[in-house]
Amino acid sequence: MSDPVVSAIVFYALAAFTLIGAGVVALSGNIVHSAFALFAALFGMAGLYAFLSADLLAVVQMLVYVGGISVLVLFAVMLTSGLDDSRTSNSTTRLVGGIAVMLAVAAAAFVAASAIPSGVESAVAPTTAPIGDLLLGRFVLPFEVVSVVLLAALLGAVTLARGVKGGDR
Amino acid sequence: MLRDVADWIERLFGLDPATFAYSWITNAVVIGIVALMAFVFIAIFAGPVTWWERRIAARMMSRIGPNRVGPQGVLQWLADGIKNFLKEDLVPAAADGPLFKFAPYLVFGGFMATFVVLPFGANLIAADLDVGLLYLLAITGLVVIGMLMAGWSSNNKWALFGGIRSAAQLVSYEIPSAFSLMAVVLAAGTMSMQGIIKAQGAWPWEWFLFRNPFLFVAFFTSLTSSIAEGNRTPFDLPEGESELVAGYHVEYSGMRFLWFMFAEWGNLWVLSSLATVCFLGGWQIPFVSPADIAASTGLAFWGWQALTFAVFATKASLLVAFVIQVRWTLPRLRVDQLMITCWKYLVPLALFCLSGVLVLLWAVEEKGALDWALRGVSMAAGLVLAVASFRKTRASYMADRDLYRRMEGKELWYPPFRLP
């Protein structure tokens, strides 16, 4: 993959895949198609991570977003009753506002990205061990706080889903 | 691994891999060839194994099974394949066409992608990724999405039920599966498949299966969850015939149907070889260290590859036979029982094993007296289980034989591999 042309082709193919997926999510009138396209977009992101030789990040992206989040999204979409009658909120006519937001985000991303030194070639090396060291060493407190937040979210979801006492179940 | 092969080919043509400008072409060709090899391997595994399974099933149900095509019916899978090629590719009028057509490829692609990290022998592995085991757990997500896609796009309530059931099942059973495999990762200190194999040894007492009692239990939680993830009985609710006709692939016919079946039977190999890698010492041969194999050259190198592949395939095939036997022994669980098995038993058990392995790794000195005692206990437990299972199987055969003799006055085909 040292060839810059091939690298560019791979990168643009992955980026196009991701962007087309994201586009279908936003523009499709069929909400189930949107959900499947979300999966494609997230999968493309995993491909981009792998392309940037962030091996652990790519696999975790697959595990969490492709295997977990998009399945949950699909589940929620498919189990929602009256799906065909519901109006999708992302009506395709409101393109102007969407494009404005997109441009603003792109500008912000461009500014943020220009702060990062580019063109630094680093050797392809396994990232798992360093990430593990950092998570359980220097960043152990944020790591634990995140897990507490997730636990709170979990309990909150259970409480909400349980409904009123004395209902069914 | 593939990069080395590509470099070797370039050197064969007198090119220097470091300066050759079109290295990516060689790499792409090598990747293509290896992918084709994996595909051919799984084709000649999944085909005959359907015949094998049907014969075992028939024997366990005291009937004959497929025995018409070829001697003993061994060519039945070819006949099935040709039949499916020739069938019409039906798409229901009310189905969501593009998604309906794409779903089988997603399932099959997700299944084939596991072969990137599955080892077959000492050097026979497509890519020994540093995150191999995690990759294998992650890539099965594609299969879940494919099944949901098939179930939803068929526009059939049985298919949708099947798809949703299979997604719920796969997502749930991923958790005990991951926990028990993480116990292996702790013991091996790496997630690379070859690294896990090299952390074990060739002899049974060096396997992770018998390393300590916790890993012994983890083997069973892992195998159970793998069987559940493979949608096999007793966990085949997504395609429970008596309830859903056929589940998520009920509307499929011809070749698209075959892709689902392909992935399902091929998955037998994936789950068996995963268990072989993680618990049964992989391809290791007694008296030969992995370093010796790596140091060998020429003919000796390929000899070792063949030998390690034979060892690996034998272990995996025995597990395949075991999984098939389990399938035809146990009845199907109910949906609530399925979820209870996962969340109330397997998840706590796998977590307990994970913590147990952690504590033992920290407290017990490797190759110390206590370590050997733990290995001894695990091996004794394994021996008791094996003997008990053998005796039970044999007793069933004998009872069956006596019954048959009394009813028909003829001998039942025994031993079981002598088929009518």
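**A buried helix and its surroundings**

Modeller: In H5(B), the buried residues are Gly132(B), Leu133(B), Leu134(B), Tyr135(B), Leu136(B), Leu137(B), Ala138(B) and Ile139(B). The model is a predicted one, and in it helix H5 of chain B, which spans residues 132-139, is mostly covered, with eight of its eight residues buried. Those buried residues pack against H3 of chain A and, within chain B, against H4, H6, helix H7 (157-188), helix H8 (193-198) and helix H11 (254-279).

Two of these partners, H4(B) and H6(B), also come together with each other: the axes of helix H4 (residues 97-112) and helix H6 (residues 141-153) of chain B come within 8 Å and cross at roughly 160°. Angles over 145 degrees count as roughly antiparallel, and H4(B) and H6(B) are therefore roughly antiparallel to each other. The crossing in which H4(B) passes H6(B) is left-handed. On the H4(B) side the residues that meet H6(B) include Leu99(B), Phe100(B), Val107(B) and Phe111(B), while H6(B) contributes, among others, Leu142(B), Ile145(B), Met149(B) and Ser153(B). Sorted by class, this contact of H4(B) with H6(B) holds 14 nonpolar residues and four polar ones, with no charged residues.

Val107(B), one of the H4(B) residues that meet H6(B), is also among the residues with the most contacts inside the largest nonpolar core, which has 124 residues; the others named there are Ala183(B), Val184(B) and Leu215(B). Taking Ala183(B) and leaving aside its neighbours within four places in sequence, one finds Ala183(B) in contact with Phe214(B), Leu215(B), Ala218(B), Cys353(B), Leu354(B) and Val357(B).

The partner of H5(B) that lies in the other chain, H3 of chain A, leads on to the interface, where 21 residues of chain A are in contact with 23 residues of chain B.

As for chain A itself, its secondary structure comes to six helices and zero strands, and buried residues make up 17% of its 169 residues. Among contacts in chain A between residues at least 6 apart in sequence, 53% join residues at least 24 apart.

Methods:
Residues numbered from 1 in each chain as written. Chains lettered and ligands numbered in written order. Predicted model: local features only at pLDDT ≥ 70, side-chain atom pairs only at ≥ 80, totals over all residues. Axes fitted to C-alpha atoms, helices over the stretch in contact; angles between N-to-C directions. Helix = DSSP H or I, 4+ residues; strand = E, 2+ residues; numbered from the N terminus. Parallel < 35°, antiparallel > 145°, perpendicular 65-115°, else oblique. Left-handed = near helix turned anticlockwise from the far one by under 90°. Contact = placed C-beta atoms within 7 Å. Nonpolar A, V, L, I, M, F, W, Y, C, P; charged D, E, K, R; others polar. Core = buried A, V, L, I, M, F, W, Y, C linked by C-beta atoms within 7 Å. Buried ≥ 20, exposed ≤ 12 C-beta atoms within 10 Å, placed from the backbone.
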